[in-house]
Amino acid sequence: MTNNDIRIAAFDLDDTLLDPSGALTDYTIRVMEEASDAGIEMVIASGRPFFALPENLVKQPWMHYAICSNGARIYDLRTGECMSACYLSEKSIRGFLELTDGYGDDIFRDAFTKGSPHSEKRYLDSLDSLPLTETRKKYLRWSRIPEPDIKKFIEENIFHMDCLNVICFDREMLDNIRMRISEEVEDIFLTSSIPHMIEMSDKKSGKGKALHRLAGMLGADVKQTAAFGNADNDAEMLIYAGLGCAVANSDKEALEAADKIVGANSEDGVAREIASWIG
C-alpha cells in the first residue's frame with residue numbers, strides 16, 4: 001500500500017493527536033482540513049466516551065466520524081447518530097462487580113453508558129491527592145458525572161454499559177486485578193490506555209474491530225486505512241490498519257504493533273505524517 005491509497009486516517013487523542021497540554025494545535029487543524037479536502041476521511045479513535053470528546057475537534061467541519069469507548073460505539077458526528085454499539089453482557093458486568101467488590105476502597109470504578117462517562121464521587125473528590133497530571137485532572141473534572149454509589153448506578157443501567165474501568169495506583173494490585181478479570185470474566189475485551197487503569201468492554205469492541213466495521217460502512221477496504229496511537233488500547237488498531245503508526249512517545253505495546261514510528265505528540269507527529277501524504 002502507498003500513502004496515496006489511504007482513504008481513512010484514524011487517530012487516538014490523548015498523548016497521540018493532542019499535545020501534552022491536551023490541546024489541538026493550529027498546525028494539526030490546518031493539516032487535517034487539507035487532508036480532508038484531498039479525500040481522506042478523518043476519524044477519531046479514542047477510549048473516551050462520546051460526551052467526553054473535545055468540542056473544538058468534534059465541531060470541525062471536516063471531522064465526520066468517531067470511534068469511542070475503545071470501539072464500543074461509532075458515531076456520525078454530523079448528526080450525533082450512534083452507528084454501532086456493543087454493550088457488555090449482564091453476565092460480564094455481574095462478574096466484574098463481584099470480582100472488583102473484593103478490593104474495596106483500594107480501587108475506583110468508572111462506568112460509560114450510551115456515550116456518557118460516570119465516575120465514583122470519591123474518586124473525583126480525591127483528584128488533588130492522586131498522582132495524576134494536571135491535564136488529566138482537568139479532563140476528569142470537566143468530563144465525569146459523579147456517582148455516590150457507582151455499583152448501584154451500574155446495576156440500574158446494566159443493559160446499556162459501553163465500558164467499565166478500574167482505577168488503581170498500586171501496580172501490583174492492578175496487575176492482579178487484570179489477570180483475574182481476564183481469567184474469570186467472559187466475553188470481554190480488556191485493555192489499558194494509561195498505566196493506572198484497566199478498561200473492559202464487550203468482546204466485539206476494540207478500536208481495531210471498530211475501524212474494520214467503519215471501513216466497511218464507508219465502502220473502504222481496511223488496507224486503505226491508517227491508524228495512529230500510543231498505548232495498549234491502540235495496539236489492535238495499529239495491527240488492523242493498512243498502515244499502523246505509533247507516536248514516538250508511545251508505550252511498548254503500541255511501538256511493537258506499529259509499522260512505522262512518527263514524531264511525538266509534542267511535535268505534531270500525527271499531523272506531520274499526514275502532511276507528507278498530501279504534499
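Which residue stands opposite G244 in β13? In this predicted model, A227 is the residue that stands opposite G244, and the report below begins with the sheet around this pair.

## The open sheet

Eight strands form an open sheet with mixed pairing, and their order is β5-β4-β3-β2-β1-β12-β13-β14. Because β5 (81–85) and β14 (260–262) stand at the edges and each has a single partner strand, one side of each is left without a neighbour in the sheet. From one strand to the next, the twist averages 25°.

Within this sheet, strand β12 (residues 225–229) pairs with strand β13 (residues 243–247) in the parallel sense, over four bridges.

Helix α12 (residues 269–278) lies across β1 (8–11), β2 (41–45), β12, β13 and β14, and runs at about 160° to β12.

The largest nonpolar core holds 35 residues, of which F11, M42, I44, I274 and W277 touch the most other members. Helix α12 supplies the largest share of this core, five residues. Apart from neighbours within four places in sequence, M42 is in contact with residues including A9, F11, W62, Y65 and I274. A second, separate core of 24 residues includes I158, I181, I198 and M200.

## Helix α4

Helix α4 (residues 90–101) has twelve residues, which at 1.5 Å a residue should span 16 Å, and its end C-alpha atoms are 16 Å apart, in agreement with that expectation.

The buried residues of α4 are S92, I93, F96, L97, L99 and T100. These buried residues pack against β6 (108–113), α7 (150–156), β9 (161–167), α8 (171–184), β10 (188–191) and β11 (197–202).

Definitions and conventions:
Residues are numbered from 1 along each chain as its sequence is written. This is a predicted model: local features need pLDDT of at least 70, side-chain atom pairs count only at pLDDT 80 or more; totals for chains, interfaces and linings use all residues. Side-chain values use heavy atoms; hydrogens and water are left out. Helices (H or I, at least four residues) and strands (E, at least two) are DSSP runs, numbered from the N terminus. The expected span of a helix is 1.5 Å times one less than its number of residues. Buried means under 20% relative accessible area, exposed over 50%, partly exposed in between (1.4 Å probe, protein chains only). Contact means heavy atoms within 4.5 Å. Two strands pair if DSSP finds at least two bridges between them. Axes are lines fitted to C-alpha atoms, for helices over the stretch in contact, and angles run from 0 to 180 degrees between N-to-C directions. A nonpolar core is a set of buried Ala, Val, Leu, Ile, Met, Phe, Trp, Tyr and Cys residues joined through side-chain atoms within 4.5 Å.
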